[in-house]
Amino acid sequence: MVAAMPSRRPASVPLRKRQMSQRRGRRRPPASVARCLPPASGPSSGGGPDGWRDFAASFVAAGLVEAPEVEQPAEEEPLTAVEAKGGSAVLLLPQGRALTFNGKCCLTCLYGSVRVFGFNIVPDQPPYNLFSPHTHCALSIEAVAYKESEKSKKELKGEARSILRAHLVPRAARIKLMKSFVPQCSMVLLEHLETPATRLILSHIEFSRVFTAKKKKVPCSTPEDAALASTSIMRQDPGNGLLLSESSLSAIGELVQACQEEDEGCPVILVCGPKSVGKSTFNRYLINLCLPCIEFLEGDLGQTEFTPPGCISLINVTEPFLGPPFTHLRTPHKMVYFGETSCEQDTERYLDTLKYVFSAYERDVPLVINTMGWVKGAGLLLLIDIIRLLSPSHIVQISADNFNDMPQLTPEYTCSSTGLHTKGKGPLKCKSLENGTEDLELCRVQGDFRPPHSGHRLLCVQPEFPGAGIAGHGQTHRSVLRDMAVLAYLGQLQPSDMDLVLPLHSLVPYQVPFSAVSIKVIHTDVAPAHILYSVNASWVGLCRLPEEVHCKADRPVFLTQTPICDCLGFGIVRGVDMDKKLYHILTPVAPENLRLVNCLLIGNIPVPNCVFLNQPGIEGEIPYVTAEYNYGISGAGKLKIKKHLKRREHM
């Protein structure tokens, strides 16, 4: 133990005098500064980094330390929107500004140049329909730079004013727009849009708000918002729009250059990756940049781009994608109805079908190939078979963080690895399938799929949008999107000159004799005595077999094997008349093409439940819907429950 020693004061200086001398040595700060001085002891213990940050900030507040200069972002010039003639608005955007929105409208570029989903629109082009539902990322209208004539600002404003007069924009609106006019700005006319397909979709309560934002943050409080609302669109946060990562932009830039130069022939671009990584979005953006002529091969059965689900198709694209798939259904150049949303149970028929459709590609324009999100286990092996079969020149591999089930698909890996139906072989030694005459079974034995290219170029893309790669994290479940695609196809039955939606049961169907077509149920085995029950009220593919159907009597013709043949369209069998031996089929396929149909294929693509449940004008029981039925009947079953839908209290 150490004893405490008494303190000793210097004998020469008394205590009181020493304290006074210390006070004289201090300079008292001004009162204004003294009140702002930080505490002498610094931040309190345990304050952490926030305490030290506040302690340092107090010196700046006291004027003892100069604050670091922070570069303030330049204020963006505001967009200007005014109401024009009935149901339309004019939008003025300075260069670099964009409007992100939900809704649908028809856009005409009046002045300057704007870009929508990668596609540039200028005044010489026709109007374009824009569809921005909450089921997908919101569209953005962005003003981009353009070559401007060497005229004064006054002359440019005069030209813009004349264009507005020609489109009957009111004088007050013109004055407001001209006040915001600056060089390199762009003006677009937005008009109210309604199509037969959207009318039918919106008539069902399940989809009535598909073009309305899920969460409306603020009401239409500004004049600009009110003007946009007159065209049925609503401004959204830019973060809800398209988000492309640097790797995506780099890959798109290289692919666009390859499509323009064609130094080594027309590029064949295969896009692959797991579910929910943005493959379809990548394809749409790339194709919009490569227009006016590019072909698209659809290999994803569950999320088709131009057709109802369950199809493999080849289409020549000449117009931009400015909305989700259900807004731009088109007739492909070649299409086969596979009848399933997945090929997991019949991969051999899937490869045969893909090869049949691919044989129609003539290699005179670039080709983009969409693939399924099934890339685990057998799905990865099937993807290797697809790469050998289609021999792409470029492979875009989109992969999310922490996804390790898919190795990099380098030329060495795809040629040496064993596929699901093909064997790996030496580096880059596979036979060409350009003539389309090789038998797939022979290729399975030999494993000898040789691309015409010496090896593909692999482009790895890392998406950065929220929820990338998380299955089921998408904005809308896939089955809902498939239902909307079927409804959009049936929307072609609606008259284009009417605002009312006609119920499907009020439309007149075609009558098809039993002997004129053969029938095959694709996805399951059905006893011949029950096939007509399964056909009734079903979604059917209207197909054309190469050979004629021969029948001695007016009896149904049943096929024993599933054919791979051209599909000309789709329809719903509204009824089966056993007395007159007729099928009643509702379809938008043109009569001249219906004459070529000699086969009906029934797959596992259902008619949406809302079609059966929403039949206005029906008294009594709704046709095809009942609560009492016999489970013992082959093919009987209750309506599927959408288990992915959240209860109202969890929305």
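Strand β17 (residues 510-513) is joined by four bridges to strand β22 (residues 582-586), and the two run antiparallel. Strands are taken here as DSSP runs of E with at least two residues, helices as runs of H or I with at least four residues, and both are numbered from the N terminus. Two strands count as paired if DSSP finds at least two bridges between them. Within this pairing, Gln-511 stands opposite His-584 in β22.

The model is a predicted one, in which local features need pLDDT of at least 70 and side-chain atom pairs count only at pLDDT 80 or more, while totals for chains, interfaces and linings use all residues. Residues are numbered from 1 along each chain as its sequence is written, and side-chain values use heavy atoms, with hydrogens and water left out.

The pair β17 and β22 belongs to an open sheet of seven strands, whose order is β17-β22-β21-β19-β23-β18-β20 and whose pairing is mixed. At the edges stand β17 and β20 (557-558); each has a single partner strand, so one side of each is left without a neighbour in the sheet. In general, the strands of a sheet pair through backbone hydrogen bonds, either parallel or antiparallel.

The protein as a whole contains 17 helices and 23 strands. Of its 651 residues, 46% are buried, where buried means under 20% relative accessible area, exposed means over 50%, and partly exposed lies in between (1.4 Å probe, protein chains only). Contact means heavy atoms within 4.5 Å. Among contacts between residues at least 6 apart in sequence, 74% join residues at least 24 apart.

Strand β3 (residues 98-111) has 13 of its 14 residues buried, so this strand is largely enclosed by the rest of the structure. Its pairings can be followed through several partners. Four bridges link β3 to strand β7 (residues 139-143) in an antiparallel arrangement, with Ser-140 of β7 as the bridge partner of Thr-100. Strand β9 (residues 233-235) is joined to β3 by three bridges, also antiparallel, and here Asn-102 has Met-234 as its bridge partner. With strand β6 (residues 128-132), β3 forms five bridges and runs antiparallel; Lys-104 is partnered by Phe-131 of β6. Six bridges connect β3 to strand β8 (residues 186-192), again antiparallel, and Cys-106 stands opposite Glu-191 in β8.

Helix packing is considered next. Two packed helices are described by the angle between their axes and the distance between the axes. The axes are lines fitted to C-alpha atoms, for helices over the stretch in contact, and the angles run from 0 to 180 degrees between N-to-C directions. Angles under 35 degrees count as roughly parallel, over 145 as roughly antiparallel, 65 to 115 as roughly perpendicular and the rest as oblique. A crossing is left-handed if the near helix is turned anticlockwise from the far one by less than a right angle, and right-handed if clockwise.

The axes of helix α4 (residues 153-166) and helix α5 (residues 171-179) come within 11 Å and cross at roughly 150°; the two helices are therefore roughly antiparallel. Their crossing is right-handed. On α4 the contact is made by Lys-157, Ala-160, Arg-161, Leu-164 and Arg-165, and on α5 by Arg-174, Leu-177 and Met-178. These residues divide into four nonpolar, no polar and four charged. For this division, Ala, Val, Leu, Ile, Met, Phe, Trp, Tyr, Cys and Pro count as nonpolar, Asp, Glu, Lys and Arg as charged, and the others, Gly among them, as polar.

Helix α8 (residues 246-261) and helix α9 (residues 279-290) have axes that come within 10 Å and cross at roughly 40°, and are therefore oblique to each other. This crossing is right-handed. The contact involves Ser-248, Ala-251, Ile-252, Leu-255, Val-256 and Cys-259 of α8, together with Phe-282, Tyr-285, Leu-286, Leu-289 and Cys-290 of α9. Its residues comprise ten nonpolar, one polar and no charged.

In the loop between α9 and β11 lies Pro-292, and the peptide bond from Leu-291 to Pro-292 is cis, with omega near 25°. Gly-299 is located in the loop between β11 (294-298) and β12 (311-317) and counts as buried at 1% relative accessibility. Gly-299 touches Tyr-350, Leu-354, Asn-370 and Met-372, not counting residues up to four places away in sequence.
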